[in-house]
Each structure stands twice: as C-alpha cells, then as structure tokens.
Amino acid sequence: MDNDLLIFKENNLFGLKNQNGVILIPPQYIGMQPFNCGLSLVRNSNHQYAYINTANIQVVPFGSYGWCDPQFTCGYARVKSKDKWGIIDTL
C-alpha cells in the first residue's frame, strides 16, 4: 500500500489527501480502496468500478468490469465481466 496517502470521507464521499493534509482528489467517490501498486479501486454513484491513479486519471475506466479485486497482488488483480473472469496487471 502507498502509506503516505490518506483516504478521507466528507459528505459521504471519499477523496484523497497526502500526509500534510493537502487534498489530492476531492471527495467524489462512494467507495475508495487504499492505493496499491499506484492504483486505487473506486466506485462512482452509478455503482461502477474503476481503477484510478493518484492524479485521479482512470487507468481502467468505469464500467469496464462488474467486479474488481480491491487490491493488486504482485501487480495483478482479478476482474469479472458478466460471467467471465480475467486477470489484469498494472501496466
């Protein structure tokens, strides 16, 4: 995990701060997992998943998968699209 980044909640939405309290990503997600391998799994108000980087850029866009692993392990994560499972990497 990227321990120098802090997820915070404001008005029932999650965002990201650094250790100094500087907001890096304003609260905008209904769910947000800790950053791992440079990515965080987030959920939007439509309950879709995406992986974002610390610049809040969608590396895996919302709606690509119906389910995603919350954390990468050795650079890989499981994903599910309809009835098919797969594995993605951080590259």
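These legends describe close-up views of a predicted model.

**View 1. Four strands form an open sheet.**
The strand order is β4-β5-β6-β7, and the pairing is antiparallel. Two strands sit at the edges: β4 (31-32) and β7 (58-60). Each edge strand pairs on one side only. In general, strands of a sheet pair through backbone hydrogen bonds, either parallel or antiparallel.

**View 2. β4 meets β5 in the antiparallel sense.**
Two bridges join these strands. Where does methionine 32 find its bridge partner? The partner is valine 42, in β5. Valine 42 also belongs to a nonpolar core of nine residues.

**View 3. β5 and β6 run antiparallel and are joined by four bridges.**
Leucine 41 has tyrosine 51 of β6 as its bridge partner. Both Leu41 and Tyr51 belong to the largest nonpolar core.

Histidine 47 lies in the loop between β5 (40-43) and β6. Its phi is near 60°, a positive value in a residue other than glycine. How accessible is histidine 47? The residue is partly exposed, with a relative accessible area of 49%.

**View 4. Asparagine 11 also has a positive phi.**
The value is near 55°, again in a residue other than glycine. Asparagine 11 is found in the loop between β1 (5-10) and β2 (13-18). Is asparagine 11 buried or exposed? Asparagine 11 counts as exposed because its relative accessible area is 69%, and the cut-off for exposed is over 50%.

**View 5. β6 and β7 pair at the end of the sheet order.**
Strand β6 covers residues 49-52. β6 and β7 run antiparallel, with two bridges between them. Isoleucine 52 has glutamine 58 of β7 as its bridge partner.

**View 6. Ten residues make up the largest nonpolar core.**
Its members are Leu39, Leu41, Tyr49, Tyr51, Val60, Cys68, Phe72, Ala77, Val79 and Ile88. In soluble globular proteins, nonpolar side chains tend to be buried together.

**View 7. Alanine 77 is a member of the largest core.**
Which residues does alanine 77 contact, leaving aside its neighbours within four places in sequence? They are Tyr51, Asp69, Gln71, Phe72, Gly86, Ile87 and Ile88. Among them, Tyr51, Phe72 and Ile88 belong to the ten-residue core as well.

Key
Residues numbered from 1 in each chain as written. Predicted model: local features only at pLDDT ≥ 70, side-chain atom pairs only at ≥ 80, totals over all residues. Heavy atoms only, no water. Pairing = 2+ DSSP bridges. Buried < 20%, exposed > 50% of the residue type's maximum accessible area, 1.4 Å probe, protein only. Core = buried A, V, L, I, M, F, W, Y, C linked by side-chain atoms within 4.5 Å. Contact = heavy atoms within 4.5 Å.
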